[in-house]
Amino acid sequence: MPKPNLVVDSIVDDCVRSVQDHDLKNRLRQAKQSIASAAQIYDGHGAAGSLYLIAGGETVDTVSAVEMEKLYKQTFVKSKRTRPIYSSLKKACKNDICPLCGQRTVHQLDHYLPVSQHPVLAVTPINLVPACSECNKEKLDHGPETAEEQTLHPYFDNLAQVRWLYAEVQQTQPVSLTFRVSPPADLGDVMKARILGHFTTFKLGQLFASHAAEELGNIRYGLEVLASNSGAAAMDELRGHLRRESESRAFVHQNAWQTAMYEALAQSDWFCAGGYRQE
Ligand SMILES: [Zn+2]
């Protein structure tokens, strides 16, 4: 996802204008510099994959964590001045699909580093990631404590060119698929652990397996028709068809569960020889 290029200073200004309490207005104005520097530090750590190194805090100058949390929920999300910013961040994903699971629709913004531990990042756009409500729920309450614990950050971790998701056909009744993470060996241990952590945290294996089970039921009839029209060449025709389906998905997103699913189906002799009929 493109990283939002909104400046946090002007967001704080807009929030200040919408806050009624004069004392809080003044304290927020004073805290603006700290919020701006924290955003800059965040940007550097985000690019370096080391956001876990950012120390938490209980206040932002004289503004408390509770006040910052309230500023996010009651002012940034709701006020007329800042609501459009909130909405633009939420709407930045392609087709409104959650960038964390790649499946469900976006429901809210999630603080990548939690606001309870990092109040200074409460309204910082690069810390606000669109998410579906399930992914938002699954996320750990505390921030990452090690490099490996960092789930993938949609603004900083671009893994579009790295193939890491694969599937395996299970000879069950009905036929089913399991999904696994297998990043390339040269990716580096930390990034490999982060991908696996992301996959586990957001329960993507279960999510993809249930979508795949649904898809297998939906394509069964089409595969039977294709097989019966192809006579002796049925197996080759099926394999070719499934391979093209995989390639078509991979063209858009090589780590989509559909890419992995159709690839695994095309590679399975058992499936192509009639396993697809298992219901
Ligand atoms: Zn999601």
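In this predicted model, glutamine 108 faces alanine 131 of strand β4. The two positions belong to an antiparallel pairing, in which strand β3 (residues 108-111) and β4 are joined over 4 bridges; strands count as paired if DSSP finds at least two bridges between them. Strand β4 (residues 128-131) is covered on both faces, with Leu128 and Pro130 buried on one side and Val129 and Ala131 buried on the other. Here a residue is buried if 20 or more other C-beta atoms lie within 10 Å of its own, exposed if 12 or fewer, and partly exposed in between, with C-beta atoms placed from the backbone.

As for the numbering and the model, residues are counted from 1 along each chain as its sequence is written. The model is predicted, and local features need pLDDT of at least 70, side-chain atom pairs count only at pLDDT 80 or more, and totals for chains, interfaces and linings use all residues.

The chain contains 10 helices and 6 strands, taken as DSSP runs numbered from the N terminus (helices H or I, at least four residues; strands E, at least two). Its C-alpha trace spans about 80 × 40 × 30 Å along the principal axes, and 33% of the 279 residues count as buried.

An automatic or database assignment supplies the domain bounds, dividing the chain into domain 1 (8-138) and domain 2 (165-277). Their C-alpha centres are 38 Å apart. Between them, 6 residues of domain 1 are in contact with 7 residues of domain 2, where contact requires C-beta atoms, placed from the backbone, to lie within 7 Å.

The largest nonpolar core has 68 residues, of which Ile35, Val123, Met261 and Leu265 touch the most other members. Such a core is a set of buried Ala, Val, Leu, Ile, Met, Phe, Trp, Tyr and Cys residues joined through C-beta atoms within 7 Å. Helix α9 (residues 257-267) gives this core its largest share, 7 residues. Both domain 1 and domain 2 contribute residues, so the core lies between them. Beyond its neighbours within four places in sequence, methionine 261 is in contact with Ala167, Leu177, Ala212 and Glu215.

Note on methods. Contact = placed C-beta atoms within 7 Å.
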